[in-house]
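Q: Please show me how to read a protein structure, taking a few features in turn and giving the general idea before each case.

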Amino acid sequence: MDAPRVRAVHCKDTNMANVASAPPGKAKEAVQGKTAPAPSAAVDHDERASALAFLATLATEVSKGTVNLPCFPDVVMRIRKALAEPDVSLTEIVRIVGTEPRLAARLLQAANSAAFNPAGRHLTDLRAAITRLGHRPVQSAAMSFAVKQLRLAPALRAISRPLNVLWEQSISVAAICQVIARRTRVSPEEAFLTGLLHGIGRLYIMVRSVGQSDKLYQDPTFVEMIDSWHAAIGKAVLENWGFDEHMSEALGEQEDYDRGGKIEPNLTDVLVVGVALGRVLREPGPRTVDTDSIKSFARLHLTPQNCSEILRHAEHQLGSLHAALGC
């Protein structure tokens, strides 16, 4: 990979950070307080109003703790709830996973992949597979299973392509976050899961948009609105699902380029940099990294050269991650 050059990277919306960091109960108010992007002359006023009303409805729902994600497997949320219990038994996890044979097969596949089985010792027992993986990787594999079900759902065929693109981006960000976390005291497994979930707000908006006006995604205003709203909505979704507070906070602040302070770098810093480097990874080349206007780079003590190494390592891991996640 070419040595990165420094360039400026800017948010599409100067108010994005304020919206992203708003508490879930304030998501609707934060977005309604924003100035809508300049309308396109080619887009009908009624369509813009419809898009705004649709997103406002989602913001109202999630701010009240209501998350409605059609076609999302219920077993994944049952696993998530069980793993959140400090005294949950392995027997209970095995029982829940066993109710969905496809998920059980996915976890066995993950446990036997090169990423989790470097010694080549093949497992056929679900209990042993879950033990080998650990809680965070089980959640990551379960989330991968859930997203694949969404991508294959006939009712969501209209958005299968953007869902595929979002999932590829999520895996890349997850890999980058994992590599970054190994340079810190942040758990690499937790960083990976957070990176994998960083686009859950976008996914939520996309899934819920199915059946709305066909012109929604033709409206650049709507696309820009998603850029501004997805972090706050994603944060509220994770809170509703019972994820750790610092994970939901990281999602809400994933595009806060000005977060500073003298405290030790945390999961939010890892995700901010992971998302930024994920964009760099998608550049056709030559790749460039901005380490000046995003303060989390300095908090993590990352130079452009460090970033180049991180991207190389993440790229190297992507193949094994796809195999482990079955996607």
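Q: What does the side chain of serine 248 reach?
A: The general idea is a polar contact, a pair of N or O atoms within 3.5 Å in which, within protein, one must be able to donate a hydrogen and the other to accept it, while residues adjacent in sequence count only if both atoms are side-chain atoms. Here the side chain of serine 248 reaches the backbone oxygen of glutamate 245, at 2.9 Å. This is a predicted model, in which local features need pLDDT of at least 70 and side-chain atom pairs count only at pLDDT 80 or more, whereas totals for chains, interfaces and linings use all residues. Residues are numbered from 1 along each chain as its sequence is written, and side-chain values use heavy atoms, with hydrogens and water left out.

Q: Is serine 248 buried or exposed, and which residues does it touch?
A: A residue is called buried under 20% relative accessible area, exposed over 50% and partly exposed in between (1.4 Å probe, protein chains only). Serine 248 has a relative accessible area of 1% and is therefore buried. Its place is in helix H13, where helices (H or I, at least four residues) and strands (E, at least two) are DSSP runs, numbered from the N terminus. If residues up to four places away in sequence are not counted, serine 248 touches Lys235, Leu238 and Glu239, and such a contact means heavy atoms within 4.5 Å.

Q: How many helices and strands are there in the protein, and what share of its residues is buried?
A: The protein has 16 helices and 0 strands, and 54% of its 327 residues are buried. Taking contacts between residues at least 6 apart in sequence, 73% join residues at least 24 apart.

Q: How many residues of helix H4 are buried, and what covers them?
A: Helix H4, residues 74-83, is mostly covered, with 7 of its 10 residues buried. The buried ones are Val75, Val76, Met77, Ile79, Arg80, Ala82 and Leu83. Their cover includes helices H5 (90-98), H6 (101-111), H8 (135-152) and H12 (220-241).

Q: How many salt bridges does the structure hold?
A: A salt bridge is a side-chain nitrogen of Lys or Arg within 4 Å of a carboxyl oxygen of Asp or Glu, and the structure holds 13 of them. In one, glutamate 61 meets arginine 208 at 2.8 Å, N to O. This pair links distant parts of the chain, since glutamate 61 is in helix H3 (residues 45-63) and arginine 208 is in helix H11 (residues 200-209), 147 residues apart. Both glutamate 61 and arginine 208 are buried.

Q: Where do the partners of the salt bridge between arginine 185 and glutamate 264 lie?
A: Arginine 185 and glutamate 264 meet through their side chains at 3.4 Å, N to O. Because arginine 185 lies in the loop between helix H9 (160-181) and helix H10 (188-197), and glutamate 264 in the loop between helix H13 (245-252) and helix H14 (267-281), the pair ties together parts that are 79 residues apart in sequence. Arginine 185 is exposed, at 75% relative accessible area, whereas glutamate 264, at 45%, is partly exposed.

Q: Which residues are linked in a network of salt bridges?
A: The network links Glu253, Arg259, Asp269 and Arg299. Within it, the side chains of aspartate 269 and arginine 259 meet at 2.7 Å, N to O. Aspartate 269 lies in helix H14 and arginine 259 in the loop between H13 and H14, so this pair ties together parts that are 10 residues apart in sequence. Both aspartate 269 and arginine 259 are buried.

Q: How many cavities of 30 Å³ or more does the structure hold, and which residues line the largest?
A: On a 1 Å grid over the protein atoms alone, a cavity is a set of points where a 1.4 Å probe fits but cannot get out, a pocket is an open set with protein on both sides within 12 Å along at least five of seven lines, and lining residues have an atom within 4 Å of a point. Grid points are joined across faces, edges and corners, and a volume is the space filled by probe spheres set on the points. The structure holds 2 cavities of 30 Å³ or more. The largest has about 80 Å³ of space, and its lining includes Met143, Trp167 and Leu203. H9 gives the largest share of this lining, 4 residues. The second largest cavity, of about 40 Å³, is lined by Val76, Ile79, Arg80, Gln139, Ala142, Met143 and Phe243.
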